[in-house]
Amino acid sequence: MKKDDNYQFHFDTLVVHSGYNSKDYLGSLSTPLFQTSTFTFESAEQGERRFAGEEGGYIYSRLGNPTVSALESRIASLEGGEAGLAFSSGMAAISAILIALTKSDDHIICSKGIYGCTFGLLDLMKDKYRIQTDFSSMSSADEIESLITPKTSCIYIESPINPTMKLVDLQLVSQIGKKHNIPVVVDNTFATPYLQKPLQLDCDIVIHSATKYICGHGDVVAGLVVGKKDFLAKVAMTTQKDIGGIISPFDAWLLLRGLKTLPVRMDRHCSNAKFLMEKLKEHPKVKKVYYPGHSDYHDDFIMTKQMAQGGGLISFEVYGTKDDAQQLLNELQLIRIAVSLGDAETLIQHPATMTHAVVPEKERLDMGITDQLLRLSVGLENKDDIWADLSNALAKV
Ligand SMILES: *Cc1c(COP(=O)(O)O)cnc(C)c1O
């Protein structure tokens, strides 16, 4: 793709073309799959030069692979960052970044209500390396600043927060990060770069569980990071190279394929979700509905600042007991009971006994995760069919 003129391609063109030029690969329209572990050198001296970093080129697939590189360039261009880095899972990406940013006895400030395994990782870092984490609602500058210590080495946030869809004001947090020279890391899995671009709001590092919307087809587990070139080069040569959570070339190839339809899929996920959110709000058996910018948090002003649309996830609370919530799942015919999100199929799960089962009850309830709360990942099916299934199940509980 031409980069030499001033014309800027739009997002829906970049998802198809950026990071790959068919001229470099014998005209192959689709990015070739380099299913190889290693790369041969033409001479001993060339091997020496590549290891010394004096000559570009591939060495071994844990250190770089052309299919993976194409994916890394593409996600960087979509997030508007300098460079990208791909991993074997979202957690491999998150752990590589957090380990790279911290040393023992450091301090992290984290948004309340993060992905369960990220919480587990922070716990492990506390036990092994005495890295303390303070959790913040991130609702005001004063609240965040009151937690900063000389040892604070990063601010880590998710927005929208899972599963209650509360929003964190990314610009507010990034301004504090800049003022105190602390990097701000954003897990952008729920929004995707199509709906939210944290780097444009001055955050420093974006992480994705690419398993979700980026893949979009429920057949890959992977992670992606976008940030400054120098920082990611350091991660590539340390916590990625030596811990080794790299993506397989085939999974990178599948993600490049999935990404091409990201905007088309996201528009459909969002319009389906909006339709279902309105229906759920009117339903007499539904007590509460959580959807970005449409909940009781009065955060629609944050929504307008940072998200193009609300996304494909809705959480809702039914009246009754845990049994009623579970029975609702069992009555569904089309909607599948599963964790994960962002797939073509509509998925539903019960956070209290599934994704958030490890959270102690009091904390869980404080976060709004009651026994009657359900999380719906709205798929690409016909919206009337999804609603027919959901309203039919609601009628039976
Ligand atoms: C799924 C998920 C992760 C973890 O990603 P994996 O690909 O499962 O390792 C991290 N953050 C969020 C918000 C997620 O939804």
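**Chatting about the ligand site and the chain**

Reader: So which residues are closest to the ligand here, and how many surround it?
Author: In this predicted model, 14 residues surround the ligand, and the closest are Gly90, Asp187, Ser209, Thr211 and Lys212.

Reader: What does the side chain of Asp187 do there, in terms of distance?
Author: An N or O atom in the Asp187 side chain sits 2.7 Å from a nitrogen atom of the ligand.

Reader: And the ligand oxygen atoms? What about Lys212?
Author: The Lys212 side chain has an N or O atom 2.8 Å from an oxygen atom of the ligand. Gly90 uses its backbone instead: an N or O atom there lies 2.9 Å from a ligand oxygen.

Reader: How much of the ligand's accessible area does the protein cover?
Author: On its own the ligand has 380 Å² of accessible area, and the protein covers 91% of that.

Reader: Which helix gives the largest share of the shell?
Author: That's helix α4, residues 90-101, with three residues. By type, the shell splits into six nonpolar, five polar and three charged residues.

Reader: Ok, switching to the whole chain. How many helices and strands?
Author: The chain has 15 helices and twelve strands.

Reader: Why would you call its radius of gyration in line with a compact globule?
Author: Because a compact globule of 397 residues would come out near 21 Å, and the chain has 22 Å, which agrees.

Reader: What share of the residues is buried?
Author: Buried residues are 52% of the 397.

Key: Residues numbered from 1 in each chain as written. Predicted model: local features only at pLDDT ≥ 70, side-chain atom pairs only at ≥ 80, totals over all residues. Heavy atoms only, no water. Near = heavy atom within 4 Å. Polar contact = N/O pair within 3.5 Å; in protein donor to acceptor, adjacent residues only side chain to side chain. Areas by Shrake-Rupley, 256 points an atom, 1.4 Å probe, with all protein chains shown as cover. Helix = DSSP H or I, 4+ residues; strand = E, 2+ residues; numbered from the N terminus. Nonpolar A, V, L, I, M, F, W, Y, C, P; charged D, E, K, R; others polar. Rg over C-alpha atoms; globule rule 2.2 N^0.38 Å. Buried < 20%, exposed > 50% of the residue type's maximum accessible area, 1.4 Å probe, protein only.
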